[in-house]
2 protein chains.
Amino acid sequence: MGEFDLIERYFKRPAKRAALGVGDDCALLQPRPGTQLAISSDMLVEGRHFLSTVDPFKLGHKALAVNLSDLAACGAQPLAFTLALALPQADDAWLAPFSRGLLALADLHGCELIGGDTTQGPLNICITVFGEVPVVQGRSQALLRSGAQAGDDLYVSGTVGDARLALEVFRGTLSVPESVFETARSRLEAPTPRVALGLALRGIATAAIDVSDGLLGDLGHVLKQSGVGATVNTDSAITLIAARAHCTCGTGQFGTEILPDQWLAWALAGGDDYELLFTAPPSARTLVALAAQISQTRVTCIGQIEATPGLRLVDDQAKPLANRWHAFDHFA
Amino acid sequence: MGEFDLIERYFKRPAKRAALGVGDDCALLQPRPGTQLAISSDMLVEGRHFLSTVDPFKLGHKALAVNLSDLAACGAQPLAFTLALALPQADDAWLAPFSRGLLALADLHGCELIGGDTTQGPLNICITVFGEVPVVQGRSQALLRSGAQAGDDLYVSGTVGDARLALEVFRGTLSVPESVFETARSRLEAPTPRVALGLALRGIATAAIDVSDGLLGDLGHVLKQSGVGATVNTDSAITLIAARAHCTCGTGQFGTEILPDQWLAWALAGGDDYELLFTAPPSARTLVALAAQISQTRVTCIGQIEATPGLRLVDDQAKPLANRWHAFDHFA
């Protein structure tokens with residue numbers, strides 16, 4: 001199978017929304033009047049972002065999901081994406097499920113594959129995604145990291161920490177019952193981009209970011225870019241781990257004992273969560289609850305934004321905790 | 001040096017034209033009314049698209065140049081690009097010249113770095129580039145592969161074949177004098193994207209493509225998508241090799257003898273040329289010459305488009321030649 005057969009067989013479909021899709025030197029997108037294009041790129045490398053043994057269908061899903069998550073964090077409506085793919089060889093047994101997983105999620109969000117590149121090389125998946133954001137009276141409706149205000153509530157969508165738990169099981173540092181592992185594994189391998197929530201939060205949230213490198217690390221970007229500080233309730237944060245509902249912690253029943261501190265580390269700095277961390281004023285609590293309901297997405301308040309710079313951690317009794325958690329850094 | 005330091009130090013600059021640049025979940029681009037966005041992605045892999053010994057400054061230049069070449073082939077004005085970079089390690093000695101080469105070419109074309117991704121992994125450079133194409137009375141001014149008409153002249157810009165000659169020298173299959181090698185090497189390592197020519201050809205060329213996989217192979221895409229055939233004069237094509245001016249061929253004076261057939265193979269199927277192949281009606285010859293002059297780019301007529309499908313090769317005496325040349329294919 002040659003390069004052009006490969007594109008033809010797995011990735012070329014007629015353009016529906018784009019002015020021109022796959023097959024020329026460029027694709028052409030015609031943004032609607034009164035809109036901006038939101039653009040984001042994410043690259044996934046074997047051994048770094050996924051294990052070589054991962055199901056290619058789930059990998060196709062995840063490669064697009066992590067990009068859609070960036071659109072969600074801006075409150076952008078997905079439009080289209082490009083796919084650049086380096087492959088060791090053109091292997092039908094891999095390409096067929098990979099493209100199915102990728103295009104199934106694309107179809108779910110009306111997000112069209114409009115172009116890209118294929119080459120031989122160590123497995124590397126690079127997606128650039130395009131979304132639409134309205135501009136109302138000259139003002140972009142995009143959710144940015146820089147808009148958090150002192151007094152705002154701090155929210156997280158869905159669950160965090162599970163992807164890291166699953167990774168530790170894959171790494172062999174942890175052994176857990178099947179039901180715990182499967183809950184966590186699906187969060188690692190097939191995250192759900194919070195696109196509907198991002199759209200519902202336009203005009204409500206003051207700031208938003210997608211949680212990919214760990215909750216506290218990504219919160220740090222919001223605090224820095226907004227010029228504010230925050231207090232996070234760690235007892236709220238620890239409840240965000242889905243797999244934790246399946247077990248009693250600290251009892252040693254998994255062979256490897258999971259201490260509360262370990263759960264907390266996964267929740268606060270696990271990474272690979274692809275949830276939305278966002279802020280909104282207390283006056284918007286009803287609207288936030290409505291946005292959660294419309295988008296059928298769980299939303300949890302885990303703290304408050306404050307004028308005093310810095311990040312403070314407290315438990316339910318308002319007792320301060322030291323911050324010993326670091327965000328994931330590819331080169332640290 | 002961590003991931004965010006790396007971005008801050010080498011790649012983050014204030015946005016000038018983009019509504020929002022590097023540093024949020026997405027970048028924001030606001031296309032001007034009456035325009036379309038042209039989008040293209042190209043991925044460069046070490047050992048496949050460049051040698052590990054290449055000067056990082058030139059690699060930075062080339063990584064963007066091959067993408068700008070796609071915009072040129074659509075007649076698009078460069079606007080912005082994203083960069084996704086997998087690096088074995090964050091090495092200042094490599095990143096500093098790489099980013100300088102990249103951003104120097106970006107500045108030359110007013111093309112702004114608005115976002116991307118950095119990760120650890122086998123060296124891989126993935127750029128997605130954005131350009132602007134006017135839409136006049138509901139009609140896109142983009143140059144497409146599908147517009148060639150029977151009777152059109154067939155043109156190539158600049159020179160072709162030199163990149164392949166240089167690659168053969170690097171591979172050790174060929175030895176040539178220093179002056180020949182340097183001419184060819186600069187074409188391999190620092191190609192010039194024909195952006196100005198592409199812009200000047202809007203409304204004049206009927207079809208265009210950038211020559212990256214070999215002249216005849218890329219011509220094949222135009223013929224297929226336009227539903228036409230062509231005759232190419234191989235004696236015209238062989239004159240397109242810049243390095244050939246520096247030597248007498250077929251005399252064996254380089255240690256390895258370069259036969260006319262070898263020169264022809266490089267011109268017709270060398271690859272890595274990043275020139276424009278385009279078509280225009282004979283009535284537009286003066287306008288094509290003017291576009292070449294305005295853009296200070298050499299343009300050579302190498303054949304004609306015909307209604308009869310297929311590709312025919314002839315020499316100056318109209319004697320037919322068999323087509324024995326294949327385009328580069330990453331998976332063939």
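This is a predicted model: local features need pLDDT of at least 70, side-chain atom pairs count only at pLDDT 80 or more; totals for chains, interfaces and linings use all residues.
Two strands count as paired if DSSP finds at least two bridges between them. In chain A, β5(A) and β6(A) form a hairpin, with two residues between them. Two bridges join β5(A) to strand β6 (residues 139–140), and the strands run antiparallel. Val135(A) stands opposite Ser140(A) in β6(A). In the turn sits Gln137(A), with a positive phi of about 50°.

Phi of Gln137(B) is near 50°, a positive value in a residue other than glycine. Gln137(B) lies in the loop between β5 and β6 (139–140) of chain B. Is Gln137(B) buried or exposed? Gln137(B) has 5 of them within 10 Å, so Gln137(B) is exposed.

Another glutamine has a positive phi. Gln296(A) has a phi of about 50°, although it is not a glycine. Gln296(A) is placed in the loop between α10 (285–294) and β11 of chain A. With 8 C-beta neighbours inside 10 Å, Gln296(A) counts as exposed.

Return to β5(A) and follow its other partners. Strand β2 (residues 35–45) of chain A is joined to strand β5 (residues 124–136) by 11 bridges, and the two run antiparallel. There, Ala38(A) has Gly131(A) as its bridge partner. Strand β3 (residues 77–87) of chain A also runs antiparallel to β5(A), with nine bridges. Here Pro78(A) has Gly131(A) as its bridge partner.

Now take the other sheet. Which strands of chain A form an open sheet, and in what order? The order is β8-β10-β7-β11-β9-β12-β13, seven strands with mixed pairing. At the edges stand β8 (207–211) and β13 (320–321) of chain A, each with a single partner strand, so one side of each is left without a neighbour in the sheet. Inside this order, strand β7 (residues 153–157) and strand β11 (residues 299–306) of chain A run antiparallel and are joined by five bridges. Val156(A) has Thr300(A) of β11(A) as its bridge partner.

Next come two helices. Helix α2 (residues 56–74) of chain A has 19 residues. From its first C-alpha to its last, α2(A) reaches 28 Å, close to the 27 Å expected at 1.5 Å a residue. The helix is mostly covered: 17 of its 19 residues are buried. After α2(A) comes Gly75(A), whose phi is positive, near 70°.

In chain B, helix α5 (residues 178–189) has 12 residues. Helix α5(B) reaches 16 Å from its first C-alpha to its last, close to the 16 Å expected at 1.5 Å a residue. Its buried residues include Val180(B), Phe181(B), Ala184(B) and Leu188(B). Charged side chains are on that list too, among them Arg185(B), Arg187(B) and Glu189(B). What covers the buried residues of α5(B) includes α2 and α4 (162–171) of chain B.

Take Ala267(B) as a case. Leaving aside neighbours within four places in sequence, Ala267(B) is in contact with Val160(B), Gly161(B), Leu215(B), Ala237(B), Ile238(B), Leu240(B) and Ile241(B).

Chain B can be laid on chain A with an RMSD of 0.0 Å, by a turn of 180° and a shift of 0.0 Å along the axis. The two copies are therefore related as by a two-fold rotation axis. The same surface serves both copies: 100% of the contact residues of chain B recur in chain A.

How many residues does each chain bring to the contact? Chain B gives 56 residues and chain A gives 56 residues. On chain B, the elements that each supply at least two residues include α1 (3–11), β2 (35–45), α2 (56–74) and β5 (124–136). Strand β2(B) gives the most, with nine residues. The side of chain B that touches chain A divides into 30 nonpolar, 16 polar and 10 charged residues.

Strand β1 (residues 27–29) of chain A and β2(B) pair in the antiparallel sense over three bridges. Leu28(A) stands opposite Ala38(B) in β2(B).

Terms used:
Residues are numbered from 1 along each chain as its sequence is written. Chains are lettered from A and ligands numbered from 1 in the order in which they are written. Helices (H or I, at least four residues) and strands (E, at least two) are DSSP runs, numbered from the N terminus. The expected span of a helix is 1.5 Å times one less than its number of residues. A residue is buried if 20 or more other C-beta atoms lie within 10 Å of its own, exposed if 12 or fewer, and partly exposed in between; C-beta atoms are placed from the backbone. Copies are superposed by least squares on the C-alpha atoms of residues with pLDDT of at least 70 in both. Two residues are in contact if their C-beta atoms, placed from the backbone, lie within 7 Å.
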